[in-house]
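Here are my notes on the fold, written to be read alongside the coordinates. Have a look at the picture before going through the points.

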Amino acid sequence: MAAGRDKTLGDPAVVVITGAGGGIGAALANVYAAPGVTLGLIGRDEAKLNRVAGECRARGATAEIRVADVTTPEIEDVLRAFDAAHPIDLLIANAGVTSGVSAASGLEPWDAALRTAETNFVGALRTIAPVAERMAARGRGQIAGIGSLAALAPLPYSPAYSASKAGLETYVLALRHLLAPKGVRLNVVTLGYVETDMSRRLSGPKPFLTTPAKAAIMIRSGLKRNRARIAHPVVFAMGIRCLNILPEWLVRLILPAFAFTISP
Ligand SMILES: NC(=O)c1ccc[n+]([C@@H]2O[C@H](COP(=O)([O-])OP(=O)(O)OC[C@H]3O[C@@H](n4cnc5c(N)ncnc54)[C@H](OP(=O)(O)O)[C@@H]3O)[C@@H](O)[C@H]2O)c1
C-alpha cells in the first residue's frame, strides 16, 4: 500500500494526522509512511498511537506521537511546537466522533450532540487555524479536513454530526480562498461509509461501504491534485446532493430507506 516518496510529484515530507490511532487516520499514516517522511501522529490513546507509529517505522518513515485531545487548547500548542521542530507540509484534521438518533429514545442525546460539535467542528478549528497561520507565514503547505457526505444534506438521523461536518466543510473551503494567494492549499474530504469503529456503531444500511485503506489511497490521490472537495464515493455524493433540490415531500419518502441509529 505504501508508495515510495516521489519528490517530482511534490509528495509531502512532513505529515501530521489527528485521530491517527485507528480507522481512517491509521490508514492515512500507513499510506504516507515511506523513507524520508516524518509523521506526527496525534490522538488521545497512547497505546494505539504507538502501534501505528511502529507500522509506519516498519515502512521506513520517522514517526513521532503526541497525545492530545483536539477539544482542548493544548492541541494548539502541540501543533505549533511540532511545526516549529518539523515544518508541516500536510496536516490532516481527521479526529472525529459521531452521534445520532438512539434506538431507545428516537432522539439524539444532548451530551453526545455537544461532544460531536466540540470535536468535529471546534476541535477541527483548533487543529487547522494555528497551523494555517504558520503555513501562510512561510508561504506553503496543505491542510485537509476530513468531512462527511452527511454534510451535503441535513440527515435527520445524525443532526449534530451533519451540522458539525457542514461547518467544517464551509470553514475549510472559506480558508481555501483566503489562503490560496499565500501558497496554502486547503481541501475537504467528503466520505461515505468506511468500515471503522465509528461506522460499526451505526445500525442501518451502509451503501457503498469501503475500507480505510481504499479511502486513504483515494484521499492521497485527491490531495495530490489539490481538489477543493474530494468526495468518495462520487455517485453516493451526487445522490445525497440531489436531496437538496427535491421537494420536501419526496425527500421524506426517500430518507427512511437510509435510516440508522447510533449506539453510544
Ligand atoms: N467511518 C465512516 O464511515 C466515516 C464516514 C465519513 C467521515 N468519517 C470521518 O473520518 C474521520 C475518522 O473516523 P474513523 O471512521 O476513522 O473513526 P474512528 O475509527 O472512531 O477514529 C476516530 C479517531 O478520532 C480520534 N479522536 C476522537 N476524538 C478525539 C479527540 N477529542 N481528540 C483527539 N483525537 C480524537 C480517535 O482517537 P483516540 O482513539 O486516540 O481517542 C480515533 O483515532 C472522522 O472525522 C469521521 O467523522 C468517517
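Predicted model: local features only at pLDDT ≥ 70, side-chain atom pairs only at ≥ 80, totals over all residues.

1. The pairing of β2 (residues 38–43) with β3 is parallel and spans 6 bridges.

2. Zooming out, β3 and β2 belong to an open sheet of 7 strands, ordered β3-β2-β1-β4-β5-β6-β8 and paired in parallel. The edge positions go to β3 (62–67) and β8 (229–232); each has a single partner strand, so one side of each has no neighbour in the sheet. From one strand to the next, the twist averages 15 degrees.

3. Now for what sits on the sheet. Helix α4 lies across β1 (14–18), β4 (90–93), β5 (141–148) and β6 (184–191). Relative to β4, α4 runs at about 165 degrees.

4. How do α4 and α5 lie relative to each other, parallel or perpendicular? The axes of α4 (residues 110–138) and α5 (residues 159–179) come within 8 Å and cross at roughly 15 degrees. Angles under 35 degrees count as roughly parallel, and α4 and α5 are therefore roughly parallel to each other. Their crossing is right-handed.

5. From α4 the list includes Ala 113, Phe 121, Leu 125 and Ile 128, while from α5 it includes Tyr 161, Lys 165, Leu 168 and Val 172. By class, the residues of the α4–α5 contact come to 16 nonpolar, 4 polar and 1 charged.

Notes:
Residues numbered from 1 in each chain as written. Heavy atoms only, no water. Axes fitted to C-alpha atoms, helices over the stretch in contact; angles between N-to-C directions. Helix = DSSP H or I, 4+ residues; strand = E, 2+ residues; numbered from the N terminus. Parallel < 35°, antiparallel > 145°, perpendicular 65-115°, else oblique. Left-handed = near helix turned anticlockwise from the far one by under 90°. Contact = heavy atoms within 4.5 Å. Nonpolar A, V, L, I, M, F, W, Y, C, P; charged D, E, K, R; others polar. Pairing = 2+ DSSP bridges.
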